[in-house]
Amino acid sequence: MSGTTSTEQSSGSVLNRLFGWIDGSLVSLCLASLVVVVAGGLVQVSFGAFSMTIGEAWRAVFDPAVIFDPQVWQVFLLGGELPDLSRRTLIVWNIRLPRVFVAALVGANLAISGAIFQAVTRNELASPFILGVSSGAGLLILLTLVVFSGLAAYLPLLAALGGMFAFVLVYLIAWKNGTSPVRLVLAGVIVGTVFQSLQTGLFFFVDDIGVVQSAIAWTTGSLTGTDWEQVRMALPWSIIAIGLALGSSRQLNVLLLGEQTARSLGMSIEKVRFALSGVAVLAAAASIAVAGIVGFVGLVVPHLVRNVVGSDYKRLVVGCLFAGPALMVAADVGARLALNPIQLPVGVVTGLVGGPYFLYLMRKQQNIGEV
Amino acid sequence: MSEQQSGDSQQMVQHGETDATADGRASVENGSTRESALTGDALELSYPTSEEPVVECDRIDIPRGEITALVGPNGSGKSTLLKSLAKQLSPDTGNVYLDGKSITEYDDKAFARELGLLSQQHDSPTSLTVEDLVYHGRYPHRSFFEQVNEDDHEAVERAIDLAGVEHIRDKQIGNLSGGQSQLAWIAMVLAQDTDVLLLDEPTTYLDLHHQLRVLETVRQLNEERGVTVAVVLHDIAQAARFADYLVAMQDGELYDWGPPREVVTEELLADVFRVEAAVNYTPDPEIVPKHSL
């Protein structure tokens, strides 16, 4: 009798270990983020060059001709010709909503990428672009636009590849009988500085102001003109990166205990660190490919989430998956509608929001920097 | 004492016999050398920043099922030696054997299932709870994506119980006193469920109560589960009371080793610690400095 109760008790606590980490702060953060995403999405679908009332926009969003038609979804997600739809539905579903989806994907990717890099480097001020990723992507963007303009169609792919290439280079530079967080960050600075100079140098060879604008849009991050094609491009990689990030939360938590403890617990620390960085770079690359280099989201979101749910990565990663899209969708509302009809690159808005947030944190918190 | 020992290959047996007669603990098997759980052979250890080797040690044995204390002044290489035994620092030359097998042949996780190490310094996120920390001790027993199972749960409960941190299990590490957090970390290594446990100065900076709690936990683990322990201790009198076996180090070399009674002598205190002191056994060892430095 007592035996059964004790088994029940202990299996209860195994269950508790599986789901007990979901707490009130995480649930409220996720709900609040969802509200922001939905509200931002509603604003995005309602306003624009073709104006409609909020009621009309909502009816278009819930148009059964789209929602319950697998054929339409197939076209959205795999490409092809859309069947006939009403004009409003077409504008909402084919132009305005995909931009919201892309913003959400980019936000989620950047947030988990930043969260992972902050654990790998054990530095709260690390961002998805810390290990040379942004400078590598930026350099390849400019090279493509200026020198190899024939390859412009592959720009998203090349930008992502540039980021990954720079990351590998950073790792090679940092490696000396293994790496350390400090060496990695320093190598990131080295590669970043050189690539940044090359980038700036390339601007002098541009004659066409249109190319300059395009280059700036890519290097500051912009969602202008994104549609289902960008969703199709980013979605598979995002799913992989997010799945791996969720599955690796325990590894990330052990990394936070410090290198020595992680190693004495039997973690093959170099392998794990490289693999996790790889996941973070994949997520960053997926967002670069569709939106360019959007700054601050990957830095601010994990920080903000950590302040709410604590540093446990099980909660942190989940929180980032909700808060990242919220910030990105909200920022894109500003980028698209603030100076209507001129659209700003969304990276300009995230920078304008992110800077003051850090100022606020710096004033409020005593020791900022340690995870 | 030490002249007699140097170059005497049988000294371990002699000590073992004295040990057995002294307090009745049978630590010698049929007159043969007592079995080592962990052996360091011809070790030369250095850090990337140092030119000279920090530790040179022909042979060190950590006897199975006993508590071995490493003592010596600051900078004598105790922690360095412990790190190399725990596979945290690879030696320039020489090798370390765990259960007769070179530690380089162990896979990282397999090694961590056999040998646990509690480092001198450890930091953790301040919002981590004690229970979550202890669960991290199960890391080597779980595969990459594996969830907790019944074994993990039992090992964690046992560790929490043994370290006596039940009452603070839901507290955050950042809100604990130094002594409490040290016990939480000890619970983490206990949850690792290893046969060999290495502890680097687990009692330094703790008040007397927590020092004794830590040592008691280790002693209990050794007696009840037969865990082999090697521990770096600062207080030589404490080490002499607590350990079955002492290893004294000086300037990166082993000065003497054996049961405390034979190692802790006035000569050792003068040579190694540069302290003129009287050593009395009443029956526990007492060290009384003869005059101020």
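This is a short chat about a predicted model, its contact between chains and some of its elements.

Reader: Before we start, what are the ground rules for this model?
Author: The model is predicted, with local features needing pLDDT of at least 70 and side-chain atom pairs counting only at pLDDT 80 or more, while totals for chains, interfaces and linings use all residues. Residues are numbered from 1 along each chain as its sequence is written, and chains are lettered from A and ligands numbered from 1 in the order in which they are written.

Reader: How many residues does the contact take from chain B and from chain A?
Author: Chain B gives 25 residues and chain A gives 23 residues, where contact means C-beta atoms, placed from the backbone, within 7 Å.

Reader: Which element has the largest share on the side of chain B?
Author: That is helix 4 of chain B, with four residues; helices (H or I, at least four residues) and strands (E, at least two) are DSSP runs, numbered from the N terminus.

Reader: Switching topic, how many bridges join strand 9 to strand 10 of chain B?
Author: Five bridges join strand 9 (residues 245-250) of chain B to strand 10 (residues 253-258) of chain B, and the two run antiparallel, pairing being defined by at least two DSSP bridges. Leu246(B) has Gly258(B) as its bridge partner in strand 10 of chain B.

Reader: And which residue of that hairpin takes a positive phi?
Author: Asp251(B) does, near 50°, in a hairpin with two residues between the strands.

Reader: Over in chain A, what about residues 342-362?
Author: That span is 81% helix and 0% strand, with end C-alpha atoms 33 Å apart.

How values were computed: Contact = placed C-beta atoms within 7 Å.
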